[in-house]
Amino acid sequence: MLGPPFLLLPPMKVNYAGRDYHFPAEALGGTRQAPLLKPADELLLKWYAEESKLADGPPAIYHDHYGVLTTVLHHAEPIFVSDSIVHHQRRADALQSNDLSVASSPVNLPYLAPAAAPTIVLMHLPKYLDLFEFYLHGLAQRVGKDFKLAAAFQTRHFTPRILEIAERYAATVTQSRAYKKARTLVLSDWRDAPKTELPLKEIAYRERTYRQHYGVFSSSHVDYATQFLLDTWRTDDQLRLMPAPGSILDIGTGNGVILDQLLRDFYPEANLYGTDISHVAVSSAKLNLPPSADIRWQSDLTGFATDSMDLIVTNPPFHEGHRNTIGPTLNLFREAQRTLAPAGYFVVVANRHLNYVTHLEKLFGDVREVATNDKFVVYRSSVPL
């Protein structure tokens, strides 16, 4: 998965419970003239106000997209957990925009349980329901039966599988009434903790089995765009006959399949690098790649020197959660142009309708459409010497 740099509008002022806060427009509902907190945040905050009277210790906040919950509940010293590095960065930005201390809210990676098990958790339901299960499974190892969790979601995103997952961990699962097209799902009366860790998922591709944790994009098969890219690499001379690169960077590396296939079939001497905003993706890629591969949990190409990569490849998404956006991808195209060595190549596979060629042509002097089918297109870009 890819991430920002952040193409957010300047913070806007919103009043909640008699206090003014500043958040980016993308984090808010209402209108620009009369901004409001989004209904999902309102529901979770209202639920917390009622439940916190009986709670012991600070709440945990999971998957807070823009740091709104963490900021409004800063006084409660919440524990913050998210698989996405983007959420961690936005949380810090939100706290700073509201003159609040960043350090006072502990940050935990998704595999680390809070030092003290929380009795109450607020969560934005992840788009990938495997990640929802990953979070619940980790919590179930630590919490007691009096523990409660509220997960908020847009009503249109509800599927029966949400309930199926929730009921594996909690004996009582209730839904709130819809409020401005949002709902909360409350889990209580937790079942006995699972005795084993969640098993790794296994995906077979070209006589190789790739392992990955719950929550990584495309959990049942190698993504079809990635398959089209790798098939093209094996058949089209514009990719197959490129000079062997000394270094390869995969932006949004997922479980590492692209790097692994390029290493095995084309460039066995190459040094491998990858980035992903998802911690479970980074951890999964490290399972499938050699120990020498440098896989980083980050949202941009900070730390990669200018002109340092001979080959950069990416299968970029055009959405963040349920929201469609190409802004982060276009910004990473600019960073790829900076990072690409003078004689290097930048290879992109994408959905045809996105028309990335117009953006690539502004950055690279030579952009070629290598292959296309009814859904995907592969571009090869370079900067002429």
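I am working with a predicted model. I looked up the strand order first. I found an open sheet of 7 strands, in the order E16-E15-E14-E17-E20-E22-E21. The pairing is mixed. Strands E16 (294-297) and E21 (366-372) are the edges, and each pairs on one side only. From one strand to the next, the twist averages 15°.

Strand E14 (residues 247-251) pairs with strand E17 (residues 309-314) in the parallel sense, over 4 bridges. I noted that Ile251 stands opposite Thr314 in E17.

**Helices on the sheet**

Next I asked which strands helix H6 touches. H6 covers residues 224-235 and packs on the sheet. It touches E17, strand E20 (340-351), E21 and strand E22 (376-382). I read an angle of about 55° between the directions of H6 and E22.

I looked up helix H9 (residues 279-288) as well. H9 lies across strand E15 (271-276) and E16. It runs at about 170° to E16.

**H6 and H8**

I turned to helix H8, residues 257-265. The axes of H6 and H8 come within 11 Å and cross at roughly 15°. Angles under 35 degrees count as roughly parallel, so H6 is roughly parallel to H8. The crossing is right-handed.

Which residues meet here? From H6 I listed Thr226, Leu229, Leu230, Trp233 and Arg234. They meet Val257, Ile258, Gln261, Leu262 and Asp265 in H8. By class, I noted 6 nonpolar, 2 polar and 2 charged residues in this contact.

Methods:
Residues numbered from 1 in each chain as written. Predicted model: local features only at pLDDT ≥ 70, side-chain atom pairs only at ≥ 80, totals over all residues. Heavy atoms only, no water. Pairing = 2+ DSSP bridges. Helix = DSSP H or I, 4+ residues; strand = E, 2+ residues; numbered from the N terminus. Axes fitted to C-alpha atoms, helices over the stretch in contact; angles between N-to-C directions. Contact = heavy atoms within 4.5 Å. Parallel < 35°, antiparallel > 145°, perpendicular 65-115°, else oblique. Left-handed = near helix turned anticlockwise from the far one by under 90°. Nonpolar A, V, L, I, M, F, W, Y, C, P; charged D, E, K, R; others polar.
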